Amino acid sequence: MTSSMPGPAGSGPRTVVLISGSGTNLQAIIDEVGQNRLPVELTAVVSDCADAFGLERASKAGIDTVVVNFGDYGNRQDFDRALADVLEDLEPEIVVLAGFMRILSSTIVTRYQGQMLNIHPSLLPKYKGLHTYRKVLAAGDRFHGSTVHYVIPKLDAGPSIIQYRVAVRDDDTEESLATRVQQGEYVIYPRAIEWLASKRVELRGEQVFFDGEPLREPKLINEGGVGPR
Ligand code: GRF
C-alpha cells in the first residue's frame with residue numbers, strides 16, 4: 001500500500017480525534033497508524049467546523065468524520081450537549097484534541113479525564129492560551145516548544161506527559177519558530193498516544209505515572225533528538 005491510498009483505521013483502543021482546522025497533527029497520527037507504529041483504532045474525526053481541512057485528511061484515510069458545526073447551535077450549552085452526545089455514541093477510549101479550538105465544557109472533560117490529551121504549543125506551564133510564538137519572541141526566551149498533556153477543566157493546565165523543545169534563533173519569526181516546533185509535535189503526539197494506548201502512561205488523581213512510577217517532569221525531546229520511547 002502506498003501512503004496516498006486509504007490506510008486502515010488501525011486496531012487498538014477506540015480513539016476519536018477532535019479538530020478545528022488544518023489537521024497536520026491528525027495527519028501525523030494517521031500516518032503512524034497507517035504504518036502500524038501506533039496501535040489505536042481511529043474510530044472517527046470530529047470537527048466543530050464544517051470546512052476544516054482535517055476532515056478531508058480523515059476521509060482520504062478512510063476514517064469516519066462527524067461535524068458538530070458550532071455555528072449551527074444557538075449557544076454554547078447546546079453545542080456542548082451535541083458534542084457530548086456524539087462522543088457518547090462513538091464510545092472512545094482515547095480522545096485526542098488536535099488543534100481543537102473550543103474550550104470544552106467541564107462535563108465533557110471530566111467524563112474523559114485520564115483518557116483525553118491535548119497538544120499545546122508552549123513549554124507548559126509557560127504561555128497558556130493563544131499566540132504563544134508571539135509571546136515567546138516578545139519575551140526574548142531562549143527556548144520554545146510544545147507539550148502533550150492530559151486535559152483537565154482548567155485550560156492548558158493538565159499534567160504534562162512529553163515536551164519537544166527547540167532553541168529560539170536570533171532571526172526567528174513566529175512562522176519559522178512554528179514550523180520547527182510543529183515538526184516536533186508530529187513526533188511527540190503519536191508517542192504520547194501510544195503510551196496512553198499501551199497504558200505505559202496513566203493519570204492517577206493529578207499525578208502522571210509512567211511505567212508505574214510517578215513522572216516528576218514531562219519527558220523531553222530536544223530539537224533533532226530521538227527522545228524516550
Ligand atoms: C498545533 O500546532 C497545536 O499545537 C495547537 O494547534 C495546532 C494545530 O495544528 N493546539 P494542526 O491543525 O494539527 O495543523
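**Helix packing and overall fold of the predicted chain**

In helix α2 (residues 53–60), the buried residues are Gly54, Leu55, Arg57 and Ala58. These residues span an arc of only 160 degrees around the axis, which places them on the same side of α2; the arc is that of the directions from the helix axis to the C-beta atoms. Buried denotes under 20% relative accessible area, exposed over 50%, and partly exposed the range in between (1.4 Å probe, protein chains only). Helices (H or I, at least four residues) and strands (E, at least two) are DSSP runs, numbered from the N terminus. The exposed residues Glu56 and Lys60 are carried on the face of α2 turned away from its buried side. The cover over the buried residues of α2 includes β1 (14–19), α1 (24–34), β2 (41–47) and β3 (65–67). Just after α2, Gly62 adopts a positive phi of about 80 degrees.

The model is a predicted one, in which local features need pLDDT of at least 70 and side-chain atom pairs count only at pLDDT 80 or more, while totals for chains, interfaces and linings use all residues. Residues are numbered from 1 along each chain as its sequence is written, and side-chain values use heavy atoms, with hydrogens and water left out.

In helix α5 (residues 132–139), Thr132, Tyr133 and Val136 are buried. Viewed down the axis of α5, its buried residues lie within an arc of 100 degrees, so they line one face of the helix. Elements covering these residues include β5 (116–120), β6 (143–150) and α6 (174–197).

Ser160 is located in strand β7 (residues 160–167). Ser160 counts as buried because its relative accessibility is 18%. Leaving aside residues up to four places away in sequence, Ser160 touches Leu124, Thr147, Val148, His149, Val208, Leu215 and Pro218, contact being defined as heavy atoms within 4.5 Å.

The chain as a whole contains 6 helices and 11 strands. Of its 229 residues, 46% count as buried. The radius of gyration of the chain is 17 Å, which agrees with the value near 17 Å for a compact globule of 229 residues; the radius is taken over C-alpha atoms, and the globule rule is 2.2 Å times the number of residues to the power 0.38. Along the principal axes, the C-alpha atoms fill a box of roughly 45 × 40 × 40 Å. Among contacts between residues at least 6 apart in sequence, 65% join residues at least 24 apart.
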